[in-house]
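Hi there,

Here is the structure I promised to pass on. Have a look at it first, and my notes follow below.

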Amino acid sequence: AIFLITGAGRAITNRTMAFRVGAAARAVAATRRTLQLSQRLRFAHSNSPALVAKAPTLSCATHLSTRRLSGSSTVQGTPVQKVPVAPGKWGDLAKCSRAVRVGDTVHVAGTVGQGDTPRDQVNTILNDVIAPALAEVGASLDDVVATRMYAANVTRDWEELGAAHGEIFGETRPACTLVGAELLLDWMLVEIEVTAIVRQ
């Protein structure tokens, strides 16, 4: 037998080396087959109206009207509806939706609203913007299961924001997250996004 000495001083026969080379070759072949299958799947998905599907991309739309995604009534068998944002620079730039319903779940994008106080803005956002968007896809504030609030001055306004949130949701008691954030314009005191699950 031919012996090779490794850096660690171990002797390895040529038979052992042949086994290892064969195992490595089989692993490479398996990886190549996996990559080929993945490429075929990506090609199939890219030529299918069902391309959308996962959460981050579902926040975007290309039309300013409620519509079915890609002209289809379903994504992977699940109905999808979208509610446009109000026409304006952000909506035109981001090509995003105010709300997207996928099956029984509704995702509502971060929303701001006018008001002199944090409480006023919470009321405007939830009652005047988010509630109508939910209604367009067959949901309501009663269906909200999670809210996320981004406050421009969280240490100053947290109590007022919490109280306003509680007044609107009451015993619905959605999971609520409040964090401090730098908002786009000076008048914005809070931005809110919600997730709802429609009860059958």
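Which side chain meets that of Asp143 in a salt bridge? The partner is Arg199, at 3.0 Å from N to O. Please keep in mind that this is a predicted model. The pair links distant parts of the chain, 56 residues apart: Asp143 sits in the loop between H3 and E8, and Arg199 lies in the segment after E10. Asp143 counts as buried because its relative accessibility is 8%, under the 20% limit. Arg199, with a relative accessible area of 54%, is exposed.

That salt bridge is one of 6 in the structure. Another joins the side chains of Arg119 and Glu167 at 2.5 Å, N to O. Here too distant parts of the chain are linked, with Arg119 in helix H3 and Glu167 in helix H4, 48 residues apart. Arg119 is partly exposed at 27%, while Glu167 counts as exposed at 53% relative accessibility.

Asp104 and Arg101 also meet through their side chains in a salt bridge (3.7 Å, N to O). Asp104 is partly exposed at 33% relative accessibility, and Arg101 is buried at 14%.

Now to the inside. The largest nonpolar core has 24 residues, and Val106, Ile130, Leu134 and Ile192 have the most contacts within it. Strands E7, E8 and E10 and helices H3 and H4 each give two or more residues to this core. H3 provides the largest share, 6 residues. Beyond its sequence neighbours up to four places away, Val106 touches residues including Leu134, Val137, Ala139 and Val194. Arg101, from the salt bridge with Asp104, is also among the contacts of Val106.

Best wishes

Definitions and conventions:
Residues numbered from 1 in each chain as written. Predicted model: local features only at pLDDT ≥ 70, side-chain atom pairs only at ≥ 80, totals over all residues. Heavy atoms only, no water. Core = buried A, V, L, I, M, F, W, Y, C linked by side-chain atoms within 4.5 Å. Buried < 20%, exposed > 50% of the residue type's maximum accessible area, 1.4 Å probe, protein only. Helix = DSSP H or I, 4+ residues; strand = E, 2+ residues; numbered from the N terminus. Contact = heavy atoms within 4.5 Å. Salt bridge = Lys/Arg side-chain N within 4 Å of Asp/Glu carboxyl O.
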